[in-house]
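Colleague: Before I rely on the labels in this model, could you take me through how they were assigned?

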Amino acid sequence: MDIQTIDAVLLAKMFLGGAKNLDAKKEWINELNVFPVPDGDTGTNMSMTILSAAREVSAVQPPVMKDLAKAISSGSLRGARGNSGVILSQLFRGFTKVITNYDQLDKLILCEAFQKAVETAYKAVMKPKEGTILTVAKGAADKALDLACDDEYSLKDYIAAIVEEAERVLALTPEMLPVLKQAGVVDSGGQGLLQVLKGAQDVFLGKEIDYTLEAVQQPSGIVKISAETEEEIRFGYCTEFIIVLNQSLSEEEEHDYRVFLNSMGDSIVLVADDEIVKTHVHTNDPGLVLQKALSYGSLSRIKIDNMREEHQEKLIKDAAKLAKEQAEEEARKEQERAGQDAGIEPKEMGFIAVSIGDGINEVFKGLGVDYLIEGGQTMNPSTEDMLNAIDKVNAKTIFIFPNNKNIILAANQAASLSEDKEIIVIPTKTVPQGITAMINYVPEAGVENNKNTMLELIDTVKTGQVTYAVRDTVIDDKEIKEGDYMGIGDSSILSVGKDMDAVVKDMTARLVDEESSFICLYYGEDIDQETAETLGGYFEEQYPDCEIEVQHGGQPIYYYIISVE
């Protein structure tokens, strides 16, 4: 039967189908991040955002359009993580503003909802950039508008045309953003949106979807996994390698190789050209897979991970972290109850900072930050995390330091949703900027003067961060190989090389200028104090006019964070 309208029951299934498809593709989307850093997280952020809404949608029984619209909007807004997640939540917010008024959605209503979605999302971004998720959304909305009154298009054809246009526009994003073209990728946020649309289309076409949401995201940021999950890992070894071919594979040979991999496991990715074949497979017998691959050529970049062992380690780490956070939460609640019982008046100004690493946490605490949200590069906190933090701080005005450019939108969204306190988001893009803002806080100066001072001074801070590359790419005209060390500045990659010390020194040299007077080195969890202090000694000799400070940061993934002022 040709469906011409979408009711609440079908829409709920379509939304869940979109959420499941995005969640299934999140790691692939993560790999599309332009910077080849180990914390590329667009897919994860978008997945966690839409799954937050999906859980609320699942709870709407029976589905009614008004309740469904509220669940999608509220769930995604509060669960939004990272810039891509916030923009996705704003698209849903605009879309649901229209559909909440109807019981059945036809082409004209869907068209109106698409227009409102794009309008809302563009308004949420201070400086919209083309070649991103916004461009893909606009392309889909424009196609929806073009065909809304075309009687030749059934609802099925209409949806197909919108999805096809989104895919077409996504393919053009490298031409709109040179950094995408140089890296050889399409926009990761746009790809995430496309997967949502494709998942929803699959449901509309009658594809069977498992709507069960197995993993429940906890407020702490830990995914609670059931005891059965490990048993469900049918194939225990994630096996990756590259075959350097003796001779190019024929179509028949490539087909036979794919059939063999299917017989050995699942989660197969096979990319072949005339010279190499990149293979990814989950299997219980990696040795046999490698033996087969050797019949085609020599092997390189072999990587085999025991997924069951990794799962067990994750459970242990998450359990320990959850226990610690629960204890801290109980202590906070007890402190709040004591304060309420004593009738403590709220103070004038309070502070929330996003931080990670025990050393950096201690710095913020020492400067007077009331509440730390663990997150940053490796885990972008959600709008809900921000709102929970706001509730915990007993102050009339609260300053939030996101300390990451990918968290600023979530902080702003939390500020817009907070009703009983004045929230000021200082758009700090790095930890050193947040520290500088707090150092220059003067209690007697008042809210407005402190805000203006912080906004002025954070722009004087230059930050460099050193990590490693997770894939080969070219960016900022620099050829990067997997495993290389990278020195990343505020807006570009400053240095690349095989020697970490050389990269740190070169990156810092590019940050220091004649006006620089202070260099602070925060060393991460993988660097020992002696090594860091040796590097600090080099800086003292190299920059005698600068004050040098070496601090334990304890941050993961980033070996060093360098602040230059």
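Modeller: Let us begin with a pair of helices, where α19 passes α20 in a right-handed crossing. This is a predicted model, in which local features need pLDDT of at least 70 and side-chain atom pairs count only at pLDDT 80 or more, while totals for chains, interfaces and linings use all residues. Residues are numbered from 1 along each chain as its sequence is written, and side-chain values use heavy atoms, with hydrogens and water left out.

Colleague: Which residues of α19 and α20 meet?

Modeller: With contact meaning heavy atoms within 4.5 Å, Val 504, Lys 505 and Thr 508 in α19 meet Leu 535, Tyr 538 and Phe 539 in α20. The residues of this contact divide into 4 nonpolar, 1 polar and 1 charged.

Colleague: Why are β10 and β12 said to stand at the edges of their sheet?

Modeller: The open sheet has 4 strands in the order β10-β9-β11-β12, with parallel pairing, and two strands pair if DSSP finds at least two bridges between them. β10 (371-374) and β12 (422-425) each have a single partner strand, so one side of each is left without a neighbour in the sheet.

Colleague: How do you know that β11 and β12 pair?

Modeller: Strand β11 (residues 395-401) is joined to β12 by 4 bridges, which meets the requirement of at least two; in one of them, Thr 397 has Glu 422 in β12 as its bridge partner.

Conventions
Left-handed = near helix turned anticlockwise from the far one by under 90°. Helix = DSSP H or I, 4+ residues; strand = E, 2+ residues; numbered from the N terminus. Nonpolar A, V, L, I, M, F, W, Y, C, P; charged D, E, K, R; others polar.
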